[in-house]
Amino acid sequence: MPQLKQMRDPEQKHVISKRIPRGNNNNNNNNNVQKQFSVEETTEHKSVGNRRQGRRRGKGKPLMLEDSTVKISSDDKRLMFHRRPGFGQLGTKCVVKANHFLADLADMELTQYSVLVIPEVNSTKLNKTIMTQQREFTVSIEFVAHASMSQLRELLSGKQVDTPSEALKLVDLVLKELTAQRYISVGRFFYSPNITNPKSIGCGLQSWRGFYQSIKPTQMGLSLNIASSLTLSSSWESEESELHAHGGDLKRICETDLGLISQCCLTKYVLKISKQYLSNVSLKINVKMGGRNTVLLDALRWKVPLVSDIPTIIFGADVTHPESGEDSNPSIAAVVASQDWPEVTKYAGLVSAQPHRQELIQDLYKTWQDPQRGKVNGGMIRELLLSFEKATGKKPLRIIFYRDGVSDGQFYQVLLYELDAIRKACASLEPNYQPPVTFIVVQKRHHTRLFPSNHNDRKSTDKSGNILPGTVVDTKICHPVEFDFYLCSHAGIQGTSRPAHYHVLWDENNFSADEIQSLTNNLCYTYARCTRSVSVGNNLNFTIKFCVGVLCSVPPAYYAHLAAYRARFYMEPEVQHDNGSAHSMCMVKGAGVRPLPALKEKVKNVMFYC
């Protein structure tokens with residue numbers, strides 16, 4: 001595959017952020033998009049912000065692994081992540097603040113050693129007093145790694161080099177060791193040494209205040225991201241926990257045994273006759289029955305960039321893992337895909353169980369031998385592609401894949417494995433069927449926060465004092481060369497708004513920054529659970545409607561999260577052993593996983609998970 005080059009306009013003024021205009025009708029569609037796609041030859045297009053004169057196409061074959069079960073190393077660099085195609089130009093330029101601090105990189109090399117002390121010393125306090133004790137210890141020091149800072153400096157200067165993960169890991173380790181000398185480290189967080197005395201905040205709640213820190217390469221240099229944290233503990237059990245468990249049993253029976261759509265409601269809320277509550281329930285029922293709650297006006301006019309020009313399917317995928325302490329339960333993978341074009345508001349969903357803590361989605365594509373039919377092709381991607389064609393009468397000619405829940409260190413493994421599975425699923429439908437794929441990772445569990453530059457300027461803040469919805473940041477605190485951006489699509493209600501972080505790992509559609517940022521922002525306004533709408537005029541002098549309850553991350557990824565969470569109810573109850581331990585019946589002896597009960601046909605083609 002080609003190593004896509006970063007394209008920058010030398011005349012471009014870098015801004016910290018911009019705000020996408022709501023309902024923007026930027027028509028960057030290319031009406032002459034080729035129906036045959038591959039990936040090698042490239043042609044340049046005009047600078048970002050202008051109408052695209054053509055999309056790149058090529059002659060090479062898409063990358064496929066010979067065996068989709070092959071073990072993939074994090075050091076495998078056969079794929080180069082997509083380079084930033086430019087910076088966004090749409091919207092009103094504005095300035096925001098972020099909790100990133102510029103760090104100076106010393107002109108030295110780093111070497112890591114492993115120190116083993118026998119007998120082992122676990123106490124930090126005891127560790128400091130070893131020298132005063134009349135005891136004998138055996139200390140062994142072993143070389144672990146050496147990291148050159150030269151490649152990191154090249155990356156920070158904007159050169160096209162791989163991210164030096166080893167160097168960043170060592171810098172991060174040094175910073176954490178220094179911090180751990182003054183604070184108590186718990187996981188990736190740091191707390192006051194007085195951790196045994198939490199603060200009581202009433203109603204049985206106790207709190208611990210701490211902070212998080214990490215180092216990362218950005219366009220402004222090496223950045224130290226610091227965020228405060230608040231950990232809560234409750235001594236009260238929720239009165240609704242038992243009701244929640246019974247509701248889960250009902251969902252499992254209805255969706256896997258009877259093929260019925262259900263909606264559970266608590267009597268105490270129904271009897272209050274709250275308009276807001278009844279509106280929420282009505283919206284859920286409507287989409288579960290195959291209806292639509294919202295649709296983009298541009299979709300009705302066939303003017304949604306990246307979607308309306310050719311049949312486009314949008315996927316969302318996520319994997320949820322068991323809670324800490326559950327060492328036997330399987331992980332649950334879920335994939336949803338749009339089933340209506342060009343509206344892209346209805347998403348069918350599929351779920352599957354896979355090995356404990358496995359992040360790669362195993363059932364995207366699979367084959368097996370049938371005694372009568374021979375080799376059989378299957379998997380969630382293949383089934384959803386067929387479902388799209390059945391619903392719309394058209395085969396998808398473009399794939400946009402939003403993948404949730406992937407950490408930075410898992411980018412290579414997930415992209416290699418899951419992009420290959422998508423390719424094989426397409427090829428199983430038709431030998432030469434290879435629609436171009438855009439693969440985007442969505443991260444919500446990060447620690448970057450954005451703040452208005454001037455809290456007294458009411459034009460640059462919402463009612464809660466947060467940055468305005470639709471704010472995009474793709475400079476300064478973003479990666480030096482790779483294509484990532486922060487998008488705060490929602491209005492803050494309480495506390496500080498958390499933007500979603502999008503990282504475009506692979507893009508055979510060759511979208512501009514404006515195109516993918518605008519599409520992602522617009523999709524957030526199609527979330528099925530929105531309850532209110534307001535009228536807003538835009539620069540084309542017509543009125544559009546958008547949801548006030550807009551989602552903080554792109555809906556397909558969130559729908560996949562909801563579907564994966566729902567599938568936990570499908571697992572058979574845990575078996576209690578005589579020694580008090582328990583294991584899930586979904587875990588078969590050894591490394592195997594018992595499949596989840598199949599969803600009924602009437603269920604999986606609608607948004608049953610909402």
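Helices (H or I, at least four residues) and strands (E, at least two) are DSSP runs numbered from the N terminus.

The model is predicted: local features need pLDDT of at least 70 and side-chain atom pairs count only at pLDDT 80 or more, whereas totals for chains, interfaces and linings use all residues. Residues are numbered from 1 along each chain as its sequence is written, and side-chain values use heavy atoms, with hydrogens and water left out.

**Helix H8 and its end**

Colour Met380, Ile381, Arg382, Leu384, Leu385, Ser387 and Phe388, which are buried in H8. An α-helix has 3.6 residues a turn, so residues three or four places apart point the same way. Next, pick the end C-alpha atoms of H8 (residues 380-392): they are 18 Å apart, in agreement with the 18 Å that its 13 residues should span at 1.5 Å a residue. The expected span is 1.5 Å times one less than the number of residues.

**Helix H9**

Select H9, whose 19 residues reach 27 Å from first C-alpha to last, close to the 27 Å expected. Because 17 of its 19 residues are buried, H9 is largely enclosed by the rest of the structure.

**Salt bridges**

A salt bridge is a side-chain nitrogen of Lys or Arg within 4 Å of a carboxyl oxygen of Asp or Glu; by this rule the count is 19.

Show Asp309 and Arg398, whose closest N and O atoms are 2.9 Å apart in a salt bridge. Asp309 lies in the loop between helix H7 (297-300) and S12, and Arg398 in strand S17, so this pair ties together parts 89 residues apart in sequence. Both Asp309 and Arg398 are buried.

Continue to Lys444 and Asp404, which form a salt bridge at 2.5 Å, N to O. Lys444 is in the loop between strand S18 (437-443) and strand S19 (450-452), and Asp404 is in strand S17; the pair therefore ties together parts 40 residues apart in sequence. Lys444 and Asp404 are both buried.

Finish at Asp172, Lys176 and Arg188, linked in a network of salt bridges. Within it, the closest N and O atoms of Arg188 and Asp172 are 3.9 Å apart.

Terms used
Buried means under 20% relative accessible area, exposed over 50%, partly exposed in between (1.4 Å probe, protein chains only).
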